[in-house]
Amino acid sequence: MPIYEYQCRKCGKIFEKIQKWNEGSDTVFCPQCGEGNPERLLSCFSSSKGEESPSSCGPSPSTRFS
């Protein structure tokens with residue numbers, strides 16, 4: 001099952017939830033304030049291909065500007 005990141009619309013806390021891909025956010029509640037219906041965030045993922053593989057979140061350190 002995938003891990004989704006959410007942000008509470010009330011208090012702003014960012015948290016993760018393991019859930020089925022077709023399960024909606026109506027079953028997710030903020031662990032800090034208990035508010036329901038948080039916003040699902042778009043997040044990066046990593047790969048274990050090796051050090052020379054580019055990151056899915058942006059350029060690798062060797063290609064950054066000085």
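How exposed is C33, in terms of relative accessibility? At 33% relative accessibility, C33 counts as partly exposed, a class that lies between buried (under 20% relative accessible area) and exposed (over 50%), as found with a 1.4 Å probe and protein chains only.

## Basis of the model

This is a predicted model, in which local features need pLDDT of at least 70 and side-chain atom pairs count only at pLDDT 80 or more, while totals for chains, interfaces and linings use all residues. Residues are numbered from 1 along each chain as its sequence is written, and side-chain values use heavy atoms, with hydrogens and water left out.

## Overall layout

The protein chain has zero helices and three strands, and from the N terminus on its elements run β-β-β; here helices (H or I, at least four residues) and strands (E, at least two) are DSSP runs, numbered from the N terminus. Of the 66 residues in the protein chain, buried residues make up 12%.

The accessible surface of the protein chain comes to about 5600 Å², and 51% of that surface belongs to carbon and sulfur atoms; such areas come from the Shrake-Rupley method with a 1.4 Å probe, and for residues only the protein chains shown count as cover. Among contacts in the protein chain with a separation of 6 or more, 26% are between residues 24 or more positions apart, where contact means heavy atoms within 4.5 Å.

## The nonpolar core and its rings

In soluble globular proteins, nonpolar side chains tend to be buried together. The largest nonpolar core in this model has six residues, namely Y4, Y6, C8, F15, V28 and C30, such a core being a set of buried Ala, Val, Leu, Ile, Met, Phe, Trp, Tyr and Cys residues joined through side-chain atoms within 4.5 Å. V28 also touches Y6, F15, K17, Q19, E35, G36, N37 and P38, when residues up to four places away in sequence are not counted.

The structure holds one aromatic pair. The ring centres of Y6 and F15 are 6.0 Å apart and their planes are at 25°, so the pair is stacked; rings of Phe, Tyr and Trp (its six-membered ring) pair if their centres lie within 6.5 Å, and planes under 30 degrees apart count as stacked, over 60 as edge-to-face and the rest as tilted. Over the ring of Y4 sits the charged end of R40, 3.9 Å from the ring centre, the rule being that NZ of Lys or CZ of Arg is within 6 Å of the ring centre and within 35 degrees of the ring normal.

## Cysteines

A disulfide is counted as a pair of cysteine sulfur atoms within 2.5 Å, and by this rule the count comes to zero. C30 is in no disulfide, and its nearest cysteine sulfur, that of C11, is 3.7 Å away; C33 is in no disulfide either, with the sulfur of C8 as its nearest cysteine sulfur at 3.6 Å.

C30 is buried, with a relative accessible area of 4%. C33 is found in the loop between β2 (14-18) and β3 (39-41), where, not counting residues up to four places away in sequence, C33 touches C8, K10 and C11.

## Other residues of the loop

The loop between β2 and β3 also holds G36 and N37. G36 is partly exposed at 24% relative accessibility, and its C-alpha atom is 6.8 Å from that of D26, ten residues apart along the chain. N37 is partly exposed, with a relative accessible area of 44%, and has a positive phi of about 55° although it is not a glycine.
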